[in-house]
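Subject: Structure handover

Hello,

Here is the structure you asked for. Please keep it open while you read the notes that come after it.

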Amino acid sequence: MVQRKFKGTVPSYSAALLTLGAAAIHFAAAPAHFSEYLPYGVFFVGLGFIQVDLAVALVLAPRRRIYAAALIGTLTVICIWLLSRTTGLPIAPQPWRPEAIAFPDFAATLLEAIACVLFILRLRRRTPKRRGVVRVTLRTVPAALFAPLLAFGGVGGALSPMPDAYNTAPYVAGQTSRSVVDLVAHDGSQPLKEFRLTASQITVGGHKARAYNGTVPGPELRVAQGDRVRVTLVNHLPDATSIHWHGINVPDAMDGVAGITQNAVPPGGTFTYEFIADQAGTYWYHSHQDAMNQIPDGLVGSIVVEPKDATTAHVREYSVLVHAQPGSDAIEVNGTSSLHLDAAPGDTVRLRITNGAVPGLDLAPLTPVLVGAPYVVAALDGHDLNGPQELGPERIPLGMGQRADLMFTMPETGAVRLLGLKRVMFPWNSPSTPVVTIGDGPAPASVNVASLPRFDFTQYGTPAPDPVADAGQYDVTREIILGGGIAFRNGNVDFTDTFSGMTSPNIPPIRVREGQLVRLRVVNPSDHSSHPIHIHGHVFTVLAKNGHPLTGSPVHTDTVLVGPHETWDVAFKADNPGIWMLHCHILEHAAAGMSMTINYDGVSTPFTMGSRSGNVPE
Ligand code: C2O
Ligand code: CU
């Protein structure tokens with residue numbers, strides 16, 4: 001039997017379209033590759049041209065040899081890609097280091113893989129069938145729809161790469177005269193408190209964690225108001241890190257934001273932070289490099305600034321930091337799921353609660369509840385409230401980063417408990433909720449936590465004059481509408497979280513001059529998410545919720561929790577020159593775009609964020 005030779009005169013429009021789609025993505029990715037690593041740029045342009053030629057050949061000269069060459073060539077490209085994503089390549093900016101997968105390379109590879117299937121089908125068919133125009137057109141429809149769609153996603157992602165060096169406030173001759181690195185604490189003779197925090201990798205409960213001085217959380221730092229605090233960070237981690245003093249208005253050079261106020265401290269490096277602790281209160285410290293990963297991994301700790309007027313001498317003082325248990329869905333308090341704190345009947349206790357835990361799947365704030373004794377909310381975010389009234393058990397909403405100080409007197413008999421530290425996770429993996437017990441004896445009668453009222457600070461405490469709230473007029477105003485959606489960003493098609501439709505680093509900074517009063521209106525139109533919006537280097541005076549001014553004590557916070565369908569007006573005095581972050585403290589949201597800066601006129605930074613410096617503050 002005579003086999004008819006494959007004449008190869010039937011073009012494959014589908015394979016050509018798929019190959020063209022891949023070529024488009026390679027061309028789009030080339031500029032970013034050129035700036036990252038020249039050989040990659042050359043490779044991508046070369047590959048793009050070869051694929052265009054191939055697509056033309058598949059239509060004009062569809063011979064068997066062409067299909068065979070296309071198959072071998074395309075499979076080779078796929079193999080190179082697979083290697084680069086698994087073992088890494090020998091010729092690369094960092095040889096033998098696997099690269100991350102982003103949508104563009106996924107899309108190009110998928111197009112190529114489908115093209116390979118078509119090549120194989122053609123090669124197996126010994127007798128090419130001629131078909132009419134209609135049938136050829138119909139058979140090309142799937143590829144004609146699919147290839148442009150994938151190419152669109154791939155090209156869009158590739159054309160919006162992560163900036164390799166983004167400067168939030170570049171030096172401009174004649175316009176900026178001060179660099180953030182010069183914004184340090186003034187000399188003085190304040191009592192010096194020195195600490196050393198060594199960041200290293202440890203194992204807790206079988207999970208890899210990162211720790212300060214070997215514990216999660218790191219040690220509580222306690223200083224007195226007015227002290228000069230000097231903390232040396234020693235980095236024994238395999239990657240770069242930094243420390244941010246959340247809520248403390250440090251000089252800008254000490255703010256610890258990688259890529260804005262310093263370069264992330266490399267492995268083996270050190271950095272000394274120094275500031276004067278003027279503000280009494282409950283604060284916390286955490287990494288501000290790759291914070292999205294380093295904070296849940298354990299790089300957190302409490303810092304308490306005790307007030308100068310020591311009328312609090314007979315108060316039992318505890319800082320309780322709620323944080324993620326590294327490598328798990330559980331949350332803990334001070335490193336344990338059942339914390340016991342000593343207190344005797346009649347003692348006055350000040351419980352300084354910090355929420356340092358990433359929220360659960362509902363993105364809701366934590367709502368701790370104190371049972372067993374009436375209490376007052378003495379402070380929020382470290383700032384005392386005026387004339388706080390005694391409360392029965394209420395749920396106290398704390399978004400990530402926020403603090404509340406509860407003060408109470410121990411009952412004559414029995415213990416007091418902090419409950420309700422529940423984080424919603426997948427039901428099949430629901431982790432236990434930690435409990436804090438204060439004092440000894442029988443536990444307080446159990447309560448149905450979910451049925452308790454929510455504490456509302458907008459009508460709590462006693463009014464008092466407040467220079468920022470009473471000003472009524474503001475020099476700078478900005479409305480920030482919280483939102484999100486799918487967009488091209490950082491070389492990918494991704495979910496983004498947005499401030500007024502924009503993502504970092506493309507959100508225009510809030511420009512201020514020293515001495516100005518600044519008002520922000522933060523609007524959350526969403527049905528579900530709560531966003532704790534955090535300011536660096538300044539303290540908000542909360543003006544109004546949903547347009548209603550506060551009726552109780554003035555409230556000063558560094559983080560304002562903006563719940564679903566809420567609008568908050570906050571204001572601050574620009575009294576700390578620098579370049580300061582303003583971001584959602586749900587770190588995934590910050591990393592997905594909810595991050596911007598407040599830039600003082602005349603201040604510049606020499607530091608950049610992005611792939612070149614490796615500084616990624618979120
Ligand atoms: Cu708790 Cu930008 O930080
Ligand atoms: Cu958020």
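The notes below go from the whole chain to the copper site, then to a sheet, a loop residue and a cavity.

First, the conventions. This is a predicted model, in which local features need pLDDT of at least 70 and side-chain atom pairs count only at pLDDT 80 or more, while totals for chains, interfaces and linings use all residues. Residues are numbered from 1 along each chain as its sequence is written, chains are lettered from A and ligands numbered from 1 in the order in which they are written, and side-chain values use heavy atoms, with hydrogens and water left out.

The whole chain

The protein chain has eight helices and 32 strands. Both are DSSP runs numbered from the N terminus: helices are H or I with at least four residues, and strands are E with at least two. Along the principal axes, the C-alpha atoms fill a box of roughly 105 × 60 × 50 Å. Of the 618 residues, 53% are buried. Buried here means under 20% relative accessible area, exposed means over 50%, and partly exposed is in between, with a 1.4 Å probe and protein chains only.

The copper site

Which residues coordinate the copper ion (ligand 2)? The donors are His531 (ND1), Cys584 (SG) and His589 (ND1), at 2.0 to 2.1 Å. Donors are N, O and S atoms within 2.8 Å of the metal (3.2 Å for Na, K and Ca); water is not among the atoms, so sites may look incomplete. In sequence the donor residues follow the spacing H-x52-C-x4-H. His531 in strand E24 (residues 531-535) and Cys584 in strand E30 (residues 579-584) are 53 residues apart, so this pair links distant parts of the chain. His531 counts as buried at 4% relative accessibility, and Cys584 is buried at 0%.

E24 is mostly covered, with five of its five residues buried. His531, Ile533 and Ile535 point one way from E24, and Pro532 and His534 point the other way. E30 has six of six residues buried, so it is largely enclosed by the rest of the structure. From E30, Ile579, Met581 and His583 point one way, whereas Trp580, Leu582 and Cys584 point the other way.

E24 and E30 run antiparallel and are joined by three bridges; two strands pair if DSSP finds at least two bridges between them. The bridge partner of His534 in E30 is His583, and that of Ile535 is Leu582. E24 also pairs with strand E28 (residues 559-562) in the antiparallel sense, over four bridges. There, the partner of Ile533 is Val560. E30 in turn pairs with strand E31 (residues 595-600), antiparallel over five bridges, and Ile579 has Asn599 as its bridge partner in E31.

An open sheet

Six strands form an open sheet with mixed pairing, in the order E11-E10-E13-E17-E15-E16. Strand E11 (331-333) and strand E16 (383-384) stand at the edges with a single partner strand each, so one side of each is left without a neighbour in the sheet. Strand E15 (residues 375-380) and strand E17 (residues 403-409) run antiparallel and are joined by five bridges. Val377 stands opposite Leu406 in E17.

A loop residue

Is Thr241 buried or exposed? Thr241 is in the loop between strand E5 (228-235) and strand E6 (244-246), and at 0% relative accessibility it counts as buried. Its side chain makes a polar contact with the side chain of Gln294 (2.7 Å). A polar contact is a pair of N or O atoms within 3.5 Å; within protein, one must be able to donate a hydrogen and the other to accept it, and residues adjacent in sequence count only if both atoms are side-chain atoms.

The cavity

A search of the whole structure finds one cavity of 30 Å³ or more. A cavity is a set of points, on a 1 Å grid over the protein atoms alone, where a 1.4 Å probe fits but cannot get out; lining residues have an atom within 4 Å of a point. Grid points are joined across faces, edges and corners, and a volume is the space filled by probe spheres set on the points. The largest cavity has a volume of about 30 Å³, and its lining is Thr19, Gln51, Leu54, Thr74, Glu112 and Ala115.

Regards

Conventions: On a 1 Å grid over the protein atoms alone, a cavity is a set of points where a 1.4 Å probe fits but cannot get out, and a pocket is an open set with protein on both sides within 12 Å along at least five of seven lines; lining residues have an atom within 4 Å of a point.
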